[in-house]
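Me: I am new to this structure and would like to go through it in questions and answers. May we begin once it is shown?

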Amino acid sequence: MLFRQLEYFVAVAQERHFARAAEKCYVSQPALSAAIAKLERELDVTLINRGHSFQGLTAEGERLVVWAKRILAEHDAFKAEVRAVRSGITGTLRLGTVPTASTTASLVLSAFCSDHPLVKVQIHSRLATTELYRRLRDFELEAAIVHSVPEEARDVELVPLYQERYVLLAPADMLPAGASTVRWPDAAQLPLALLTPDMRDRQVIDGPLPTTRSRSPRRSRPTPSLRCWRRSLPAIGRASCRIPGCGPP
């Protein structure tokens, strides 16, 4: 069994199409198909349901593709360790972040980049929490700045970085004179510029609203990130927004 065979198998599972998988692996489709067929003979198990086209993984294939991803990830880690022994840590760190953490990633990365100047960093932002956890489990990311969600965090090591508290940004004339805090029912009646409903920060904000509001909150159009929110303010007009602030863990 060769690592190349596992790479081809994982590529087909991800692309769900033989031709696209072959293109991703820079090989011809016959070569890819032959390598996977050889892997199946060596393992004595059928991994892929075949017809005129890809028809999904078999039950055995669904179980074994998890191990294939893990083996390939360990293989990559081994090669990275060899390079580190020779010349220091090199390679690419793929860091995922929820939208609101994209601006705080530098706080985590600055010391790392100073210690390991040969490492390139790719930041994948504007991703929902569930997608970040999926990419971590599938070894598509090395790390992520993400909300702690127990039902999603299986097989993932969590390290607390900081705590968030939510602040309301609004024109002064929208708030009671001299007010330093706003109750959730009152905030719900403001025209709110919020993240999209699939984002965890939006879900945190939506959580207390249904039980406290007397009528549906006034909400302007949703945006996928704080950067988009800032850019959209001229089009939105007068609006308020609740955003997270950072504090020590």
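Me: Which residue in β4 does G96 stand opposite?
Reply: The model discussed here is a predicted one. Six bridges join β3 to β4, and these two strands run parallel. Along this pairing, R94 stands opposite Q122 in β4. For G96, the residue opposite in β4 is H124.

Me: Which residue in β5 is the bridge partner of T97?
Reply: Strand β3 (residues 91-97) and β5 run parallel and are joined by three bridges. In one case, L95 has A143 of β5 as its bridge partner. For T97, the bridge partner in β5 is I145.

Me: What is the handedness of the β-α-β unit made by β3, helix α5 and β4?
Reply: The two strands of this unit, β3 and β4, run parallel. Helix α5 covers residues 105-115 and forms the unit together with them. The β-α-β unit is right-handed.

Me: How are α1 and α3 oriented to each other, roughly parallel or roughly perpendicular?
Reply: Helix α1 (residues 3-15) and helix α3 (residues 29-43) have axes 9 Å apart and pack at an angle of about 110°. Angles of 65 to 115 degrees count as roughly perpendicular. The orientation of α1 and α3 is therefore roughly perpendicular.

Me: How many nonpolar residues does the contact of α1 with α3 have?
Reply: On the α1 side, the contact is made by Q5, L6, Y8, F9 and V12. On the α3 side, A31, L32, A35, I36, K38, L39 and E42 take part. By class, one residue of the contact is polar and two are charged, while the number of nonpolar residues is nine.

Me: Is E40 buried or exposed?
Reply: E40 lies in helix α3. Leaving aside neighbours within four places in sequence, E40 is in contact with V45, T46, L47, I48 and R50. The relative accessible area of E40 is 10%, and a value under 20% counts as buried. E40 is therefore buried.

Me: What is the relative accessible area of L47?
Reply: L47 is found in the loop between α3 and β1 (48-50). Not counting residues up to four places away in sequence, L47 touches F9, L39, E40, L57, T58, G61 and L64. L47 is buried, and the relative accessible area is 0%.

Me: How many Å apart in space are L47 and L64, C-alpha to C-alpha?
Reply: L64 is among the residues that L47 touches. In sequence, the two are 17 residues apart. In space, C-alpha to C-alpha, the distance between L47 and L64 is 8.0 Å.

Me: What percentage of the residues in the protein chain is buried?
Reply: The protein chain has 10 helices and seven strands. L47 is one of the buried residues. Of the 249 residues in the protein chain, the buried share is 35%.

Methods: Residues numbered from 1 in each chain as written. Predicted model: local features only at pLDDT ≥ 70, side-chain atom pairs only at ≥ 80, totals over all residues. Heavy atoms only, no water. Axes fitted to C-alpha atoms, helices over the stretch in contact; angles between N-to-C directions. Helix = DSSP H or I, 4+ residues; strand = E, 2+ residues; numbered from the N terminus. Parallel < 35°, antiparallel > 145°, perpendicular 65-115°, else oblique. Contact = heavy atoms within 4.5 Å. Nonpolar A, V, L, I, M, F, W, Y, C, P; charged D, E, K, R; others polar. Pairing = 2+ DSSP bridges. Buried < 20%, exposed > 50% of the residue type's maximum accessible area, 1.4 Å probe, protein only. Right-handed = clockwise from strand over helix to strand, strands pointing away.
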